[in-house]
Amino acid sequence: MLASAASQPLSTSSFDASLSKPLVIGIVAGEASGDSLGADFMAQMNNLYDNVVWVGVGGPKMKAQGLQSLFPLERLAVMGLVEVLSQLPDLLKARKELVQAFAHANIDWFIGIDAPDFNLRVAKKLKPKGIFCVQYVSPSIWAWRESRIESIKQATHLVLCLFPFELEVYQRHNHPAICVGHPLLHNLPRELVEISTLEQRRELVWNNSELHSFFAERKEDISLMICLMPGSRRSEINAILPLMLDAVARLLMVDEHLCFVIPTVDKNHQYIVQDLIDRQDESLRAAVAVAYDESQTKADFSQSIMAMCDMIVLASGTATLEAMLLNRPMVVVYQMKKLTYAIASRLVKVPYVSLPNILAGEQIVPELIQDQATGDSICRAVTRLMRTRVYDEQLNRLAQTTAWLKQQSSQTPVSAVINTWHDYQNQRLNGQPLS
């Protein structure tokens, strides 16, 4: 079994000395988020060593770092059971093409980024051939189907986890895993945290024509600005936004000076959201701004909106981590089809759905899930969060959890991989059994 690399420092000199030929790395990302992770990993490696050959599958960011992409990333970006089944013959063909290409390139490492259903099957064919295999982003075995750990052990030498709570299951099964942190820890613009909310609000409203027009029409003072984020999928919007709007109507009866902003990911998303807003009464329509900014990326704009607001009501997902890192108090809402929820509630073994609560190991932000997600309950949760003591208490707990997360995610993906690879090489040289 390979030893943990968590406490071992990266030695660049020993790394250079161990390479007498180009290091050939096979790397596969299955979607756009993986392309970003892969490009960052490649950039770190390229800065450390100038004789790396990259081959595999990735998007434009990975190609910019020198990847020879064997076919378009979109070929692997298939979601949903029906979609996967319909594309299964081509996915099997793609896997065969990759394994053959990796054999021809004589790769030393294989880095599979997310897409575990595809990448672990590739790794399972490569590991027995002596190729060092890493899965970057752990499958959700901490939440459900822990039995998958056996196939992960068969396919990998190391798993890079984004969150510290994922490590426990690997430790229990004696398989190397290291927390390298979520990319948001490094990529979230620092000014969104360091610049005052008021200053960010002035700049964003001035530079966005839709927000500028909206706030120019509001003559009265604004007591609080609340960001609403019902999700990006149409099914989420249709299920969750009406609940949020019901809460907005109730909140406006409590305080008519409240203001609400909904950031959208694109123009189509904006039209869908605005259509639901236009069906409401005049007082609600006057209190809600729906905004999109073509000059910014999806993440940049939604993060800017979150940062300029006093609190956030949002659907469960990665946005809850963004809100926590931005230190914005929140209320988490989610609702899905009853059958889907009934199945999921039996399979998932964690008590919370939002990342702040999972990371903290306790409920530090309100979660209103399924039958608890109503306009009345959202209104009550937001009204309670408006109290200074409750607001400040959540701010402090979010800040504490963020600090702990950063402390637990101090090792870079590249240093984790290189240190574990050294262990692997030493064990091979010494004739010790390998995992």
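**Close-up 1. The cysteine pair C227 and C309.** The sulfur of C227 sits 4.8 Å from the closest cysteine sulfur, in C309, which is too far for a bond (a disulfide needs two cysteine sulfur atoms within 2.5 Å). By this rule the disulfide count is zero. C227 is buried at 0% relative accessibility, and C309 is buried too, with a relative accessible area of 0% (buried is under 20% relative accessible area, exposed over 50%, partly exposed in between, with a 1.4 Å probe and protein chains only).

This is a predicted model: local features need pLDDT of at least 70, side-chain atom pairs count only at pLDDT 80 or more, and totals for chains, interfaces and linings use all residues. Residues are numbered from 1 along each chain as its sequence is written, and side-chain values use heavy atoms, leaving out hydrogens and water.

**Close-up 2. R172 and E168 in helix α7.** Here the two side chains meet in a salt bridge, 2.3 Å from N to O (a Lys or Arg side-chain nitrogen within 4 Å of an Asp or Glu carboxyl oxygen). They're four residues apart in α7 (residues 167–172), so about one helical turn separates them (helices are DSSP runs of H or I, at least four residues, and strands are runs of E, at least two, numbered from the N terminus). R172 is partly exposed at 44%, as is E168 at 43%.

**Close-up 3. R201 and D310.** This salt bridge has its closest N and O atoms 3.4 Å apart. R201 lies in helix α10 and D310 in the loop between α15 (298–308) and β11 (311–315), so the pair ties together parts 109 residues apart in sequence. Both R201 and D310 are buried.
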